[in-house]
Amino acid sequence: MSENYASLRQADQQLSFGSDDQKLKQHYLADIWLMIAQQAMESPDTGPLQDHDELIRDVAIFLTHHAHESVEMRDVAHRFGMTPVQLIRRFKNSYGVNPLQYLTTFRVKQACRLLLTTEWTLDVIAGRCGYETGFYLSRVFGKTMGMSPSEFRKQNRY
């Protein structure tokens, strides 16, 4: 990544504003963006902040294993013998986010991976990521990533 960044800086200093030069700069920038996106998808930022709450770790494992399904937090709380308020409070203490944010982050990362590695439609990807429609996934994805799924796919695939 540092090589791409150095090449981008060198290209910026040496190249003119011609269309071929701009394409080269865009190529370097796209490479850097793709590496950042891949690192973000692989990063363990959904890991626990504290390891001592084993029950909440089990909740997180449950959420990741059932992310492709419709998940109701009150049902998850009941399954693990807690009230929804207890679940949210304990989960946030352990992971720094509430369970729904955790689940959304996991689902969006999964959607990113599928957008980059498949030719599936947004509706198919939505179903694989636990959303009922591609439209709803698109809304959540846009809020989370700052761009639409189609923009993400276009910018990060060759």
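In helix 9, which spans residues 149-156, the residues P149, F152 and N156 are buried, where buried means under 20% relative accessible area, exposed over 50% and partly exposed in between, calculated with a 1.4 Å probe on protein chains only. These residues cover an arc of only 60° around the axis, which puts them on the same side of helix 9, the arc being that of the directions from the helix axis to the C-beta atoms. The model is a predicted one, in which local features need pLDDT of at least 70 and side-chain atom pairs count only at pLDDT 80 or more, while totals for chains, interfaces and linings use all residues. Residues are numbered from 1 along each chain as its sequence is written, and side-chain values use heavy atoms, with hydrogens and water left out.

**Overall make-up**

- The secondary structure of the chain comes to 9 helices and 0 strands, where helices (H or I, at least four residues) and strands (E, at least two) are DSSP runs numbered from the N terminus.
- Read along the sequence, the pattern is α-α-α-α-α-α-α-α-α.
- The chain has 158 residues, of which 35% count as buried.
- Among the contacts in the chain with a separation of 6 or more, 61% are between residues 24 or more positions apart, a contact meaning heavy atoms within 4.5 Å.

**The other face of helix 9**

- Turned away from the buried side of helix 9 is a face that carries the exposed residues S150 and K154.

**Packing of helix 3 and helix 6**

- Two packed helices are described by the angle between their axes and the distance between the axes.
- Helix 3 and helix 6 (residues 99-117) pack at an angle of about 40°, with their axes 10 Å apart; axes are lines fitted to C-alpha atoms, for helices over the stretch in contact, and angles run from 0 to 180 degrees between N-to-C directions.
- That angle makes helix 3 oblique to helix 6, since angles under 35 degrees count as roughly parallel, over 145 as roughly antiparallel, 65 to 115 as roughly perpendicular and the rest as oblique.
- The crossing of these two helices, helix 3 and helix 6, is right-handed, meaning that the near helix is turned clockwise from the far one by less than a right angle.
- On the helix 3 side A60, L63 and T64 take part, and they meet P99, Y102, L103 and F106 in helix 6.

**Salt bridges**

- Side chains of opposite charge can pair when their charged atoms come close.
- The count comes to 4 salt bridges, each defined as a side-chain nitrogen of Lys or Arg within 4 Å of a carboxyl oxygen of Asp or Glu.
- R90 forms a salt bridge with D53, with the closest N and O atoms 2.8 Å apart, and this pair links distant parts of the chain, 37 residues apart, with R90 in helix 5 (residues 84-95) and D53 in the loop between helix 2 (19-42) and helix 3 (54-65).
- R90 counts as partly exposed at 30% relative accessibility, whereas D53 counts as buried at 14%.
- R57 forms a salt bridge with E54, the closest N and O atoms being 3.8 Å apart; both residues lie in helix 3, 3 residues apart, about one turn of the helix.
- R57 is partly exposed, with a relative accessible area of 35%, and E54 is exposed, with 51%.
- A network of salt bridges links E54, R57 and D58.
- R74 forms a salt bridge with E72, with 3.5 Å between the closest N and O atoms; R74 counts as exposed at 55% relative accessibility, while E72 is partly exposed, with a relative accessible area of 39%.
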